[in-house]
Amino acid sequence: MAPRLRAADRREVETLGFTPERGLLDSFHRSTWARVALTPSGRPIAAWGLGLISTLGGIGGPWMLSTPLIERDRRAFLRESRRQVAEMRQLCPILRGLVDARYRGAVRWLGWLGFSFAAPIEIGGAPFLPFEMR
């Protein structure tokens, strides 16, 4: 899946200092649970998961990486993403993460899901927005 990432996903991962392959592997290894969506022919659409930031505080770190195939059925993606966030919140009532502020589609999607944003911080010379849902 890593070689097929959407350009904005690739840029975000690389700005954080990872190759797409390492970013995907690290995300999986740090996750309490993770999922992969495939086409009927087995081509990867997206991978996502939840890592624990604080077990005492019930804080989890959601992540997602996608390929261009995710754009084929946006309604299904939006419906399923709401369901997946609800599942994450059953494990961790507080979700926190960072998103590349230049990745407008991801920022809009996170806002649509109900995440709030804090002031941008700089990582790797790029602005990143901390996001949270309580």
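# Notebook: patch, cores and salt bridges

**Entry 1. A surface patch.** I began with Phe-28, Val-36 and Leu-38, which form a nonpolar patch on the surface, together exposing about 250 Å² of accessible area. I noted how patches are built: they take residues with over 30% relative accessible area and no salt bridge, joining like charges within 9 Å and nonpolar side chains (Val, Leu, Ile, Met, Phe, Trp, Tyr) within 5 Å. The areas come from the Shrake-Rupley method with a 1.4 Å probe, and for residues only the protein chains shown count as cover.

I placed Phe-28 in helix H2, residues 20-29. Helices (H or I, at least four residues) and strands (E, at least two) are DSSP runs, numbered from the N terminus. Phe-28 is partly exposed, with a relative accessible area of 30%. My scale for that: buried is under 20% relative accessible area, exposed is over 50%, and partly exposed is in between (1.4 Å probe, protein chains only).

**Entry 2. Ground rules.** This is a predicted model, so I kept in mind that local features need pLDDT of at least 70 and side-chain atom pairs count only at pLDDT 80 or more, while totals for chains, interfaces and linings use all residues. Residues are numbered from 1 along each chain as its sequence is written, and side-chain values use heavy atoms, with hydrogens and water left out.

**Entry 3. The nonpolar cores.** I looked up the largest nonpolar core and found 24 residues. A nonpolar core is a set of buried Ala, Val, Leu, Ile, Met, Phe, Trp, Tyr and Cys residues joined through side-chain atoms within 4.5 Å. Leu-95, Val-99 and Phe-115 touch the most other members. At least two residues each come from strand S2 (44-54), helix H3 (74-91), strand S4 (94-100), helix H4 (104-113) and strand S7 (126-133). H4 gives the most, with five residues.

A second, separate core has eight residues, including Leu-5, Val-13, Ala-47 and Leu-65. I recalled a general point: in soluble globular proteins, nonpolar side chains tend to be buried together.

Next I listed the contacts of Leu-95, where contact means heavy atoms within 4.5 Å. Not counting residues up to four places away in sequence, Leu-95 touches Leu-50, Gly-60, Pro-62, Val-85, Met-88, Arg-89, Phe-115, Phe-131, Glu-132 and Met-133.

**Entry 4. Salt bridges.** How many salt bridges does the rule give? The rule asks for a side-chain nitrogen of Lys or Arg within 4 Å of a carboxyl oxygen of Asp or Glu. The count comes to twelve.

I checked Glu-71 with Arg-6, whose closest N and O atoms are 3.0 Å apart. This pair links distant parts of the chain, 65 residues apart. Glu-71 sits in the loop between strand S3 (59-66) and H3, and Arg-6 in the segment before helix H1 (7-15). Glu-71 is partly exposed, at 39% relative accessibility.

Glu-71 also meets Arg-74 in a salt bridge, at 4.0 Å from N to O. Arg-74 counts as exposed, at 56% relative accessibility. Salt bridges that share partners join Arg-6, Asp-9, Glu-71 and Arg-74 into one network.

Then I turned to Arg-10 and Glu-14, a salt bridge with closest N and O atoms 3.9 Å apart. They are four residues apart in helix H1, so about one helical turn separates them. Both count as partly exposed: Arg-10 at 26% and Glu-14 at 42% relative accessibility.

Entry 5. Is Asp-9 buried or exposed? Asp-9 counts as buried, at 2% relative accessibility. It lies in helix H1. Leaving aside neighbours within four places in sequence, Asp-9 is in contact with Met-64, Leu-65, Ser-66 and Tyr-103.

I found Asp-100 in strand S4. Asp-100 is buried, at 0% relative accessibility.

Thr-39 is in the loop between strand S1 (31-38) and S2. Thr-39 also counts as buried, at 13% relative accessibility. Beyond residues up to four places away in sequence, Thr-39 touches Ile-45 and Leu-69.

**Entry 6. The record.** I looked up the unreviewed UniProt entry, whose "transmembrane region" annotation covers residues 45-65 and 109-129. UniProt positions are in the numbering used here, feature names are shortened, and annotations may be inferred rather than shown by experiment. In the model, residues 45-65 are 0% helix and 81% strand, with end C-alpha atoms 9 Å apart. Residues 109-129 are 24% helix and 43% strand, with end C-alpha atoms 13 Å apart.
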